[in-house]
Amino acid sequence: MIAAMLTAVLLSSSQPAMSTPSPSPVVIAHRGASGERPEHTRAAYELAIDQGADFIEPDLVMTRDGHLVVRHENEIGETTDVADRPAFAARRTTRDVDGVPITGWFTEDFTLAELKTLRARERLPALRPASAAFDGQEPILTFDEVVVIARDASARTGRVIGVAPELKHPSHFAALGLPMEDVFIAALERHGLTGAHAPFLIQCFEVGTLERLAARIDAPLLQLMQAHGGPADRPGATYAEMATPHGLAAIARYADAIGVQDLMVVPRDDAGRALEASALIDNAHAAGLKVVVWTFRAENVFLPAQYRVGDASAAHGDFEGWLKAIYALGVDAVFSDFPAAAVKAR
């Protein structure tokens, strides 16, 4: 019953609803209301729900002792106060993550108990000083805690609050002996969320992870893609190839939706101006895939040139106008750091 909004709006299910399904496009709160509170915190998720978001999104990474925690990346120097903790100074290191050397502190080097002593920080404090005012107040959440936040909010509000988890770097964690997919499925089974009508939309940039999940669970799956590069587990493959009609047909064999960077839907010229929309949405729909577009942020620095207001990077431009232009293309859902604006625009 809780899954009715997801299946009715994203997957065209005829299951009975707990309440009237949300209108399309669905609004997914990107790491919560992350434009106004430090990302992936309880405060960010609960504010997003209060603002009318249909889904909340946790990015999932692994701890040393095999727990799923919610951080944008496994490197946590930007989003926690770990650098200020003398006890953890020696754990600063450089790791290769999907072929890219990164220096910092990594969740796989900490137990859950150790991570729980840290506090979250705003990732973009220069752009979002009002959010940075909440630094140091919130602990790192586990995946289970986010599921409970959504479930409790559904009961409290009478609205369906879905969860759109992203599995980050599963091949990286598997190479470390941390089988993310197995731990994730075990969590879904604990919560009874493996079925086709689960209030979930499971995301990953890797292909193999989604293919294996498709063989093991029936919950909706979303293939993430961006304008450049390709999946870490498919050397030589590119997202550009995957976005062709042939590539989309292949994705449709294991996934229900694609989650694409806005540049793949509306390219920009060298001056940053939005150009004519591509055929990706129509082609994906023809392949039987729903289309989710990421990530919509209000600050000028993230907007196409014609939607910016003034010269300050951190100032908010015509965000509602940009969202309405995207909605008019027929997208099924959007990820936004500012869910209140995304809900208002629709």
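Buried means under 20% relative accessible area, exposed means over 50%, and partly exposed lies in between (1.4 Å probe, protein chains only). This is a predicted model, in which local features need pLDDT of at least 70 and side-chain atom pairs count only at pLDDT 80 or more, while totals for chains, interfaces and linings use all residues. Residues are numbered from 1 along each chain as its sequence is written, and side-chain values use heavy atoms, with hydrogens and water left out.

Begin with the salt bridges (a side-chain nitrogen of Lys or Arg within 4 Å of a carboxyl oxygen of Asp or Glu), of which the structure holds 24. Select Arg121 and Asp84, whose side chains form one of them at 2.1 Å, N to O. Because Arg121 sits in the loop between α3 (112–115) and α4 (129–132) and Asp84 in the loop between β4 (68–70) and β5 (93–97), the pair ties together parts 37 residues apart in sequence; helices (H or I, at least four residues) and strands (E, at least two) are DSSP runs, numbered from the N terminus. Arg121 is partly exposed at 27% relative accessible area, and Asp84 is partly exposed at 47%.

Next, select Asp262 and Arg268, a salt bridge in which the closest N and O atoms are 3.2 Å apart. Here Asp262 is buried, at 7%, whereas Arg268 is partly exposed, at 23%.

Then move to Lys344 and Glu320, which meet at 3.9 Å, N to O. Lys344 is exposed at 63%, while Glu320 is partly exposed at 26%.

Finally, select Arg31, Glu39, Asp59 and Arg123, which salt bridges with shared partners join into one network.
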